[in-house]
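I opened this entry to keep track of what I looked up, in the order I looked it up.

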Amino acid sequence: MRRRSLREIRTRLVQEARNLSWLLRSPRIPELTITPLPLPDGKSSAALLCGRIHERETLARAEALLRGEMEIFGQPVLTGRNIEWRRDYRSGRASGLAYFRRVPYLDFERCGDHKAVWELNRHQHLVVLAQAYLYTRECRFPEEIARQVESWIEQNPFPLGINWASALEVAFRALSWMWVEHLAGDALEAGFRRRMHRELYRHGVYLRNNLSIYFSANTHLTGEAAALHALGCLFSEAEWKAAGAAVLDRELIRQIRSDGSYFEQSSYYQVYSLDIFLFHSLLRETGPDYRERLAKMAGFLEACMGVRREIPGFGDDDGGRFFHPYGPRRAFGRASVTAASLFLPGAGLSSTPEDSEEIAAWWLGTLAGASYAAPASRLFPDAGLAMIHRGDWQIAMDAGAFGPWPSGHSHADTLSFTLCSAAEEILIDPGTYTYVAGAAARDVFRGTAMHNTVRVDGLDQAAPSGPFRWEQAPEVTVKGFADFGIKAECRYRGFVHTRELSWAGAGRLAVTDEVTGPPGVHVVEQFWHAGGSVSFVTAESIRIGQRVEVILPGRPVLSSGGEFGWRSDAYGTKTEAEVIALRWETTLPWRAETVFLLRT
């Protein structure tokens, strides 16, 4: 167990004393004066998007919301008009009104999937209703906002229940309410608006006392700090503004490495981080060092997305988004990079008018022109991510260590790679699927066998210990990198796995794996997770999709479903997918070559 410093112990004791005091007396709320946030006028943003895809999709979603039809992690959920805010509608489980520290939110049997509960309670769907009001000027949309917020306040008294159990979720909800105030505040009934302001201020009091400085000091902390700073701007609370800004200035350096990568080794969380730091920079003048690192973050994300402009899926994917959590999850980074390109015009980032609709139009009040930065082969040394391009083919290989601390958002995917062209996926990362809805499913999806790499003796590259902890993390070293390939090694559990990728001509990719380790007979397995249809060509070669033949170093077993034949394109959902597995019982060293023949 981690040893706690005296400073941490003192801070936690003060926090808890204040939290407990609120059970006896709710925090005092002063007379509130609202200062509009320095964001584009919502009417102008709506006018900019009139007739475009965003307007059509927003109005369709808003009509569904009026019928009690929600969308959670991209999937329809029927809540009805009278929402039970502490219910996980997928599992049917609901939790009570215990003091928020006593809510066992990681216990699926008692609370359901806390991520599904919290996604609903982020209230990002209320922003959709506010945007629909701007498009139509129809009062039924702000009336629905008021009805839902009133019912939420009634069902979630401060500070009781699962919806006060995470400071980050309090922050997301506060941000949604601030957007409602910004976009449609003048359409809300005056009495309700005052009640919402008071509850919003209470969210700020909670955040100021419960920043995740010593717990989940990652995107939890930065999201909370961004909301606290914004609340400080809204309510002219100078201390909140200063505290939030100080955290973000510090965490930008601590969490974002010099190559622009997010330190928890999650490409999905890279999007979260970019959005958080970019949004904060809209509310406060930031200096050149801040903007330079912001540009590196956006550049890293754009490189990750590559030719398909999709997130490759390395590490955890929790299904959420800082703003506008709708549409294909793997495409979320497009709007973030486009917004960054408009905010940082000299950064050389790609942008399109279509990708401006979700974020840039509302945050910056403008649409981008079409600009494309051609991807280039590059190694990001801090992340250990290699992006290799040859013609219209792209490889993304994870040759980096696990993330810091217990590596809670890392996967055992070292030396795994994805392969695609702009037209099709060939090798994929199957995703995350779940955090708590079954320990077995959690460990399978983040385990070594669910990635395009080698497993020895049935062991993951690290030992899973609970849903957000790894022990015995591997040591990873990049031995060489060039435009035409990479060589790296992963040391774990007494074994050394070395993998070399090299282009031998434009259409031939050779993958050489070698494992060394202790004497005796060992079981070596190799896995390839296919993004398209798979068929046999010969007993030892297969075709993936329309353009790729794979010559394998042995006879494979092809399956879908079962233990490893799955992919999860959104949190909480999975579909069957083809997996190619090979198995050897052998002494070490073991060596095998796999050849991918790529048709242009």
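Are Phe158 and Tyr206 buried or exposed? I find both Phe158 and Tyr206 buried. I note at the outset that the model is predicted.

**Aromatic pairs**

I counted aromatic pairs through the structure and got 39. One of them is Phe158 with Tyr206: the ring centres are 6.5 Å apart and the planes stand at 80°, so I logged the pair as edge-to-face. Phe158 lies in the loop between helix H7 (140–155) and helix H8 (167–184), while Tyr206 belongs to helix H9 (residues 190–209); the pair links distant parts of the chain, 48 residues apart.

I then took Tyr435 and Phe468, which also form an edge-to-face pair, with 4.9 Å from centre to centre and 80° between the planes. Here 33 residues separate the partners: Tyr435 is in the loop between strand E7 (425–427) and helix H16 (439–446), and Phe468 is in the loop between strand E9 (463–464) and strand E10 (470–471). I checked the cover of each: Tyr435 has 3% relative accessibility and counts as buried, whereas Phe468, at 26% relative accessible area, is partly exposed.

**Charges over rings**

I looked up two cases. The charged end of Arg446 sits over the ring of Trp470, 4.4 Å from the ring centre. The charged end of Lys574 sits over the ring of Trp566, at 4.2 Å from its centre.

**Open sheet**

I traced an open sheet of 4 strands, ordered E8-E15-E22-E19, with antiparallel pairing. Strand E8 (454–456) and strand E19 (557–560) each have a single partner strand, so they form the edges and one side of each has no neighbour in the sheet. From one strand to the next, the twist averages 25°. Between E8 and strand E15 (residues 521–529), I found 3 bridges and an antiparallel run. Arg455 has Glu525 of E15 as its bridge partner.

**Helix H12**

I compared length with expectation. The 17 residues of helix H12 (residues 267–283) should span 24 Å at 1.5 Å a residue, and the end C-alpha atoms are 26 Å apart, which agrees. As for cover, 17 of its 17 residues are buried.

**Cysteines**

How many disulfides does a search of the whole structure find? I got 0. For Cys50, the closest cysteine sulfur is that of Cys139, 19 Å away, which is too far for a bond. Cys50 is exposed, with a relative accessible area of 52%. Cys233, by contrast, is buried, with a relative accessible area of 11%.

Technical notes: Residues are numbered from 1 along each chain as its sequence is written. This is a predicted model: local features need pLDDT of at least 70, side-chain atom pairs count only at pLDDT 80 or more; totals for chains, interfaces and linings use all residues. Side-chain values use heavy atoms; hydrogens and water are left out. Two strands pair if DSSP finds at least two bridges between them. Helices (H or I, at least four residues) and strands (E, at least two) are DSSP runs, numbered from the N terminus. Axes are lines fitted to C-alpha atoms, for helices over the stretch in contact, and angles run from 0 to 180 degrees between N-to-C directions. The expected span of a helix is 1.5 Å times one less than its number of residues. Buried means under 20% relative accessible area, exposed over 50%, partly exposed in between (1.4 Å probe, protein chains only). A disulfide is a pair of cysteine sulfur atoms within 2.5 Å. Rings of Phe, Tyr and Trp (its six-membered ring) pair if their centres lie within 6.5 Å; planes under 30 degrees apart count as stacked, over 60 as edge-to-face and the rest as tilted. A charge sits over a ring if NZ of Lys or CZ of Arg is within 6 Å of the ring centre and within 35 degrees of the ring normal.
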